[in-house]
Amino acid sequence: KDIEQRRLRVFFMLFTSSPEEKVFFKNLENEQNAFEKLIRHKQRMPPPLNCLDISTQEVQEAISSGGRSSHHGTYANGMLPLSVDTRTGRGKQTTKNTIRRDIAVDVREFRSALPSILHQGGMRLAPVTLIVGDFVLSPVHCVERKSISDLFGSFASGRLYTQAEAMTKYYKCPCLLIDFDPSKSFCLQNSNELGGEIRVDSVCSKMAILTMHFPKLRILWSRGPHQTLAIFKTLKMKHEEVNIEKSISVGNNESLDGLMETSDVVGGGSTVNSGVENNTNSNKDEENEINEAARDMLLRLPGINVNNARKLMAVCDSIAELTELPRDDLKKLLGPVTGQKLFTFLNQKLAAS
């Protein structure tokens, strides 16, 4: 009884629903995940050589060479060599030179720790001044990185909408990277504050509205810079290397070449043929560009959403063609209710006669 009374007891007290409690449980979760990862890794580990059947020719030759030669080390009283190469394929040797490593990085991103982690992970960084995006991984991938505080500020100022619009215009796969702090919880908003309705003060509601406006935008969730490195390597795996000069010129509409071409067209050029060719090329570029203002106007028409807007864009090339569609065609494309609503909106008089 005296021994039990003298036994040391440790009491750990925390306030409920406090930051200290969340940090404590987060550390416990990380420790548990580390042990589970270690257990899974040990289950998949190959068994030691002394636990295998050493009857194959390769292992027997390695054992014999290791026993006679002093160049190779041995263990188990000289019975087994320290290193045995039993690979028959040389797949790794053929894929070493095909790893894609080049990344165009905006110089303002070097204030964070991510470029240093990318460099340590084997990436070749090109520090440049980018007009569109923060990282350009390939000709199709452009990444805009946002920390949690920067994400809230960009939503408040409307800067994120402009950045997403520019990335969607120039790249096939625009990406928004949300970079979390590893020491904090991996969530944007408390689960108790989530609701089924769109609210102005909810960051999750703003994220939903952003993805509705830009369906091509991909959201990348990263717990830290090391996970971001793994994400970038995965995205670059099956794509070509980034063109650094092209990524710099993206979004720079007032380049010197463009101004020279415009002046040649206005001034008539040196010959008639050159003026006609420049005019034709400029018209083709204008036709190929997406009319962002018209697309936004289409999405704001009554009854129009992202899904049925694609149907209208496949039939009509402009807003002018949309206004000339008859009532029956609109009902076939959008349904009877939505088609009638849009037809009434487009053809109703502005003021009573």
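Mentor: Rings of Phe, Tyr and Trp (its six-membered ring) pair if their centres lie within 6.5 Å; planes under 30 degrees apart count as stacked, over 60 as edge-to-face and the rest as tilted. Phe 180, Phe 186 and Trp 221 form one aromatic cluster. Please keep in mind that this is a predicted model, in which local features need pLDDT of at least 70, side-chain atom pairs count only at pLDDT 80 or more, and totals for chains, interfaces and linings use all residues. Residues are numbered from 1 along each chain as its sequence is written, and side-chain values use heavy atoms, with hydrogens and water left out.

Trainee: How many aromatic pairs does a search of the whole structure find?

Mentor: The search finds five aromatic pairs.

Trainee: Why is the pair of Phe 135 and Phe 232 called tilted?

Mentor: The ring centres of Phe 135 and Phe 232 are 5.6 Å apart and their planes stand at 55°, so the pair is tilted.

Trainee: What makes this pair a tie between parts of the chain?

Mentor: Phe 135 belongs to strand 5 (residues 135-136) and Phe 232 to helix 9 (residues 225-236), so the pair ties together parts that are 97 residues apart in sequence. Helices (H or I, at least four residues) and strands (E, at least two) are DSSP runs, numbered from the N terminus. The protein chain has 17 helices and eight strands.

Trainee: Are Phe 135 and Phe 232 buried or exposed?

Mentor: Both are buried. The term means under 20% relative accessible area, whereas exposed means over 50% and partly exposed lies in between (1.4 Å probe, protein chains only). Buried residues make up 26% of the 353 residues in the protein chain.

Trainee: Why is Ser 202 called buried?

Mentor: Ser 202 has 4% relative accessibility, so Ser 202 counts as buried. Ser 202 lies in the loop between strand 7 (173-179) and helix 8 (203-213).

Trainee: And why is Ser 17 called exposed?

Mentor: The relative accessible area of Ser 17 is 71%, so Ser 17 is exposed. This residue is in the loop between helix 1 (2-6) and helix 2 (19-44), and has a positive phi of about 60° although it is not a glycine.

Trainee: What makes Thr 162 and Gln 227 partly exposed?

Mentor: Thr 162 has 47% relative accessibility and therefore counts as partly exposed. Gln 227, at 34%, therefore counts as partly exposed as well. Thr 162 is placed in helix 7 (residues 159-170), and Gln 227 in helix 9.

Trainee: Which residues does Gln 227 touch, not counting residues up to four places away in sequence?

Mentor: Gln 227 touches Trp 221 and Ser 222. Contact means heavy atoms within 4.5 Å. Trp 221 is also a member of the aromatic cluster with Phe 180 and Phe 186.

Trainee: How do you know that the charged end of Arg 223 sits over the ring of Phe 186?

Mentor: A charge sits over a ring if NZ of Lys or CZ of Arg is within 6 Å of the ring centre and within 35 degrees of the ring normal. The charged end of Arg 223 is 4.2 Å from the centre of the Phe 186 ring, and sits over that ring.

Trainee: How are two packed helices described?

Mentor: They are described by the angle between their axes and the distance between the axes. Axes are lines fitted to C-alpha atoms, for helices over the stretch in contact, and angles run from 0 to 180 degrees between N-to-C directions.

Trainee: Why is helix 16 called oblique to helix 17?

Mentor: The axes of helix 16 (residues 327-334) and helix 17 (residues 336-347) come within 7 Å and cross at roughly 135°. That makes helix 16 oblique to helix 17. Angles under 35 degrees count as roughly parallel, over 145 as roughly antiparallel, 65 to 115 as roughly perpendicular and the rest as oblique.

Trainee: What makes helix 14 oblique to helix 16?

Mentor: Helix 14 (residues 306-315) packs with helix 16 at an angle of about 135°, their axes 9 Å apart. That angle makes helix 14 oblique to helix 16. Asn 308, Lys 311, Leu 312 and Val 315 in helix 14 meet Leu 330, Leu 333 and Leu 334 in helix 16.
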